[in-house]
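Let's take a walk through this structure together. Have a look at it first, and then we'll start with a pair of side chains.

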Amino acid sequence: MMLTDIVKRLMESGSVGIITHIQPDGDALGSASALGLALERLGKRVVILRNDKPPAKYSFIPGSHLVADCAEPICPVETLVVLDCADLERLGDGLQHYKMAGTVLNIDHHISNTMFGNINMVDTNAAATGELVYQIIKLMGIDLNTDIAECIYTAITADTGCFKYDNTTAVTHGIAGELISIGVESNRICSQIFSLRTLQQTKMLGRAIDSIKTYHGGKTAIMTVTRKMMRETGCSQEDLDGIVEFARDIVGVEVAALLRETDDGGIKVGLRSKEYADTAAIAAAFGGGGHRKASGCTISTSMENAVEQLIKEIEKCYG
Ligand SMILES: [Mn+2]
């Protein structure tokens, strides 16, 4: 029902703005470009509003000609599509466009989505927002070209860890199979997103691994990254993407966390679980959110204090 409402609204709109969350990931970037390129093929005026600079590893994603800085004023759009964004805080500077928009379509797969749209399509069974965008493009009757296929493939690959996480379903593989048959080079995209790292990132990985301490009889692994480590390795926050998984993958670990000192003196926390622990609940205790096995939050305190608070909260998972 929601899906047909969304397709109908998009078909009726002459101009569409597309926006995703701050610090965009592969799902956000791929979904936005896929939908943008598809709507462009229908002759719509399309603008992808970008709030933060994307990680360099995603610069290959097609559709950059549609992108505008969301801090810049744009002509009002009839319909604003918000993709992969759980709540309005995650829109950053994009909030001004949300306030001005005629109709807001909220398309997402986060369990914590606050249903802020005029039409909300929130499907927590979807592995990636890219899967929902795929369905929408199909229903609009648009043929997938290789550019659009590559965008969707990137979105799905990013959010499933290359089809490794348990959000990956038969539907996910079905869509991926079709995209490969259209001409997507799966190996190139998977390596681009998950294997390649710069020398600085590799040095940081070594130091982050070295910082690991375990708690709760080895079920919890904590990585800590200080501002000093960031300075010395020359890394930015995006360079830390995925590092926490090296802690999660340790035999016997159920919950892993990466704590990073931010420039404003707080601690940014990324959480992962292996099998059963609900990291969204842990993050929620600190005002954050996310998915069951991957979530995040910010704690405004010292590193030492943040580790202490977090350990207490994680302990509850082991009841
Ligand atoms: Mn996503």
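Which residue forms a salt bridge with E232? That partner is R207, with the closest N and O atoms 2.8 Å apart. A salt bridge here is a side-chain nitrogen of Lys or Arg within 4 Å of a carboxyl oxygen of Asp or Glu. The pair links distant parts of the chain, 25 residues apart: E232 sits in helix α9 (residues 227-233) and R207 in helix α8 (residues 199-210).

A quick word on what you're looking at: this is a predicted model, where local features need pLDDT of at least 70, side-chain atom pairs count only at pLDDT 80 or more, and totals for chains, interfaces and linings use all residues. Residues are numbered from 1 along each chain as its sequence is written, and side-chain values use heavy atoms, leaving out hydrogens and water.

Back to E232, which is partly exposed at 46% relative accessible area; R207 is partly exposed too, at 33%. (Buried means under 20%, exposed over 50%, partly exposed in between, using a 1.4 Å probe and protein chains only.)

Now try R272 and E245, whose side chains meet in a salt bridge at 3.4 Å, N to O. R272 lies in strand β10 and E245 in helix α10, so the pair ties together parts 27 residues apart in sequence. R272 is buried at 18%, and E245 is buried at 13%. (Helices, H or I of at least four residues, and strands, E of at least two, are DSSP runs numbered from the N terminus.)

Elsewhere, E150, E185 and R188 are linked in a network of salt bridges. The whole structure has 13 salt bridges.
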